Amino acid sequence: MGRDNHNNKTGGNNTNSLPQTPKNQKIKPGDMNEEIAKEFAELRKAKKKKQIRWP
């Protein structure tokens, strides 16, 4: 029996599933540009405070 033959009956319910994003943390696809712009603005503020070299 190799490593790929898993007969894992002792595992929990989530052993074969991927983690999901909670509904309250999801954003609409149309709001993605706004979210990215906010993050870039935060980086620019951090750059001004720390004088990090911006490429």
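Author: A residue is called buried under 20% relative accessible area, exposed over 50%, and partly exposed in between (1.4 Å probe, protein chains only). Glu-34 is partly exposed, since its relative accessible area is 46%. Lys-38 is likewise partly exposed, with a relative accessible area of 46%. The model is predicted: local features need pLDDT of at least 70, side-chain atom pairs count only at pLDDT 80 or more, and totals for chains, interfaces and linings use all residues. Residues are numbered from 1 along each chain as its sequence is written, and side-chain values use heavy atoms, with hydrogens and water left out.

Side chains of opposite charge can pair when their charged atoms come close. A salt bridge here is a side-chain nitrogen of Lys or Arg within 4 Å of a carboxyl oxygen of Asp or Glu. Glu-34 and Lys-38 form one, and their closest N and O atoms are 3.6 Å apart. The count by this rule is 1 salt bridge. The two residues lie 4 residues apart in helix H1, so about one helical turn separates Glu-34 from Lys-38. Helices are DSSP runs (H or I, at least four residues), and strands are runs of E of at least two, numbered from the N terminus. The protein has 1 helix and 0 strands.

Helix H1 covers residues 32–50, and Glu-39 is found in it. Glu-39 counts as partly exposed because its relative accessibility is 46%. Of the 55 residues in the protein, 0% are buried.
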